[in-house]
Amino acid sequence: MSWELNIEVVDRKCIKPSTATPPHLKTFKLSLLDQLSSEIYGNMTLFYPNNPATDALHFSTKSQLLQTSLSQTLTRLYPLAGRLHDAATVRCNDDGALFIESRTDASLSDILTAPNFDTLQCFLPSADTTTSNAPILLVRFTAFRCGGTAVTILLSHKIADIAAVVALLKTWTAACAGATVAEVPELAAGAALFPPRDIPGATASVNTVSSDKFASRRFVFDASKVRELKDRVKGAREIREREDCVFEPSRVEAVLALIWKCALSASRSKTESFKRSVLFQAVNLRPRVDPAVPDAAVGNFVWPFAVTAEEERHVELHVLVRRMRESMREFLDTKAARFKEDGAFGVVMESLKERGELLRKCKDTTVVYKCTSWCKFPLLKVDFGWGEPVWMCSVNRVVSNTIALMDTKDGGVEAFVTLDDQEMALFQQDEELLHYALLNPSVML
């Protein structure tokens with residue numbers, strides 16, 4: 001159950017770049033993929049326990065360090081201190097990022113004993129992000145009664161995917177330590193590879209909304225259960241008979257297949273009939289174009305590919321995993337390399353047309369899901385100077401039928417799942433799911 005969290009705002013200010021952006025950099029061109037990205041803001045909150053080794057750092061000292069280092073970071077990542085001008089342009093006017101300092105009378109253990117998404121939403125920076133002058137980057141730094149802290153980042157999806165967020169965090173934490181970041185963020189790659197085009201109304205976002213009322217739940221798959229799940233997939237007779245070599249499903253494939261299978265079971269129980277399903281997975285294009293784009297390239301370098309479950313016989317764990325693998329391979333073989341051709345315009349328009357046809361084909365009899373994986377990104381290594389976070393979360397209050405996956409500290413997988421209210425009531429009781437996953441366990445401090 002949620003409970004009322006009292007958070008007091010202590011200060012609000014705009015953090016400007018430490019060095020003014022020169023005139024020739026005042027206009028920043030977004031890429032075609034940025035242009036097609038949703039105007040929503042992505043968010044993450046990193047929770048830090050009170051670290052005995054850094055007890056001498058008072059909250060105000062930590063806050064000042066964050067602000068000073070953020071100012072230095074914005075000199076390197078100057079578009080984040082600007083304002084969106086239109087779908088393809090950022091005005092780099094140094095208006096700055098919003099920084100909110102706040103305190104709560106709750107302790108960190110109050111939040112982490114049974115994390116609740118309604119409560120977690122309270123940590124998001126409170127500001128209107130719908131105006132034309134809205135900041136691109138917003139930060140909230142919160143102090144707990146126990147001495148723990150939380151750093152929340154809200155960043156426009158128009159200019160950053162998860163890899164770009166990691167580039168921001170690496171640059172920021174390096175500035176906190178007075179060091180130079182190992183990988184200097186690359187700003188120009190996006191528009192150089194994928195120049196923006198005039199395509200009104202087009203969007204790369206996948207609309208998955210199935211209900212006005214939806215709920216989010218957290219499931220944790222321990223490393224041992226992930227291994228058990230992978231062994232189950234590898235042990236399926238069809239897999240053994242068809243593979244010339246040992247088939248090794250990834251952690252993401254195994255966990256996602258189980259979640260998809262159980263979500264379809266909940267959907268079928270609600271509607272009393274099987275519905276065809278499409279799962280969209282995002283692919284990081286940076287290492288998949290030739291030559292590869294640097295990991296620290298800022299912007300959107302992801303594109304979704306579709307996996308389908310056309311018949312009930314497809315909704316078997318090993319079958320779903322195989323269909324994921326085959327769909328991914330087909331995307332890489334037929335489309336990924338073509339993102340370097342003609343600024344990606346041809347393959348993008350072709351993909352949007354195929355997606356539209358796929359979804360229109362059985363509009364009322366198709367269940368659509370969307371998955372984002374943050375696994376292998378070092379989000380639990382983000383150290384601003386007082387240790388690594390004990391936990392990280394992201395809150396979804398925008399769309400339903402979404403699955404977000406991330407690493408746990410022990411090598412397992414944590415899943416944030418958002419479904420229709422009625423379907424979630426069935427999903428969270430699924431015995432097959434609960435054999436492998438724990439529903440919202442406490443985060444260990």
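Reader: Leaving aside its neighbours within four places in sequence, what is Ala81 in contact with?
Author: Beyond those neighbours, Ala81 is in contact with Pro17, Leu74, Asn93, Asp94, Asp95 and Gly96; contact means heavy atoms within 4.5 Å. Please keep in mind that this is a predicted model, in which local features need pLDDT of at least 70 and side-chain atom pairs count only at pLDDT 80 or more, while totals for chains, interfaces and linings use all residues. Residues are numbered from 1 along each chain as its sequence is written, and side-chain values use heavy atoms, with hydrogens and water left out.

Reader: Where is the place of Ala81?
Author: Ala81 is found in the loop between helix 2 and strand 4 (83-86). Helices (H or I, at least four residues) and strands (E, at least two) are DSSP runs, numbered from the N terminus.

Reader: And is Ala81 buried or exposed?
Author: Ala81 is buried, at a relative accessible area of 0%. Buried means under 20% relative accessible area, exposed means over 50%, and partly exposed lies in between (1.4 Å probe, protein chains only). The C-alpha atom of Ala81 is also 6.8 Å from that of Ile136, although these residues are 55 apart along the chain.

Reader: Let us turn to the sheet. In what order do the six strands come?
Author: The order is 1-6-7-8-3-13, in an open sheet with mixed pairing. Two strands pair if DSSP finds at least two bridges between them.

Reader: Which strands stand at the edges?
Author: Strand 1 (7-15) and strand 13 (391-393) do; each has a single partner strand, so one side of each lacks a neighbour in the sheet. On average, neighbouring strands of this sheet are turned by 15° against each other, direction ignored. Axes are lines fitted to C-alpha atoms, for helices over the stretch in contact, and angles run from 0 to 180 degrees between N-to-C directions.

Reader: In which sense do strand 3 and strand 13 pair?
Author: Strand 3 (residues 41-48) and strand 13 pair in the antiparallel sense, over three bridges. Thr45 stands opposite Cys393 in strand 13.

Reader: Which strands does helix 2 lie across?
Author: Helix 2 (residues 59-76) lies across strand 1, strand 6 (97-104), strand 7 (137-143) and strand 8 (149-156), and runs at about 165° to strand 6. Helix 5 (residues 162-176) lies across strand 3, strand 7 and strand 8, at about 130° to strand 8.

Reader: New topic: how many aromatic pairs are there?
Author: The count comes to 19 aromatic pairs. Rings of Phe, Tyr and Trp (its six-membered ring) pair if their centres lie within 6.5 Å; planes under 30 degrees apart count as stacked, over 60 as edge-to-face and the rest as tilted. One of the pairs is Phe59 with Phe141, which is stacked, with 4.6 Å centre to centre and 20° between the planes.

Reader: Which parts does that pair tie together?
Author: Phe59 lies in helix 2 and Phe141 in strand 7, so the pair ties together parts that are 82 residues apart in sequence. Phe59 is buried at 8% relative accessible area, and Phe141 is buried at 0%. Another pair, Phe331 and Phe339, is tilted, with 6.4 Å centre to centre and 55° between the planes. Both of these residues, Phe331 and Phe339, are buried.

Reader: Which residues do ring pairs link into a cluster?
Author: The cluster consists of Phe47, Phe117, Phe123, Phe144, Trp391 and Phe416.

Reader: What does Arg197 lie over?
Author: Arg197 lies over the face of Phe345, 4.3 Å from the ring centre. A charge sits over a ring if NZ of Lys or CZ of Arg is within 6 Å of the ring centre and within 35 degrees of the ring normal.

Reader: With which residue does Arg197 form a salt bridge?
Author: The partner of Arg197 is Asp342, with the closest N and O atoms 3.2 Å apart. A salt bridge is a side-chain nitrogen of Lys or Arg within 4 Å of a carboxyl oxygen of Asp or Glu. Arg197 counts as partly exposed at 32% relative accessibility, whereas Asp342 is exposed at 52%.

Reader: How many salt bridges does the count come to?
Author: The count is 25. Among them, Asp407 forms one with Arg251, the closest N and O atoms being 2.7 Å apart. Asp407 lies in strand 14 (residues 402-407) and Arg251 in helix 9 (residues 251-271), so this pair ties together parts 156 residues apart in sequence.
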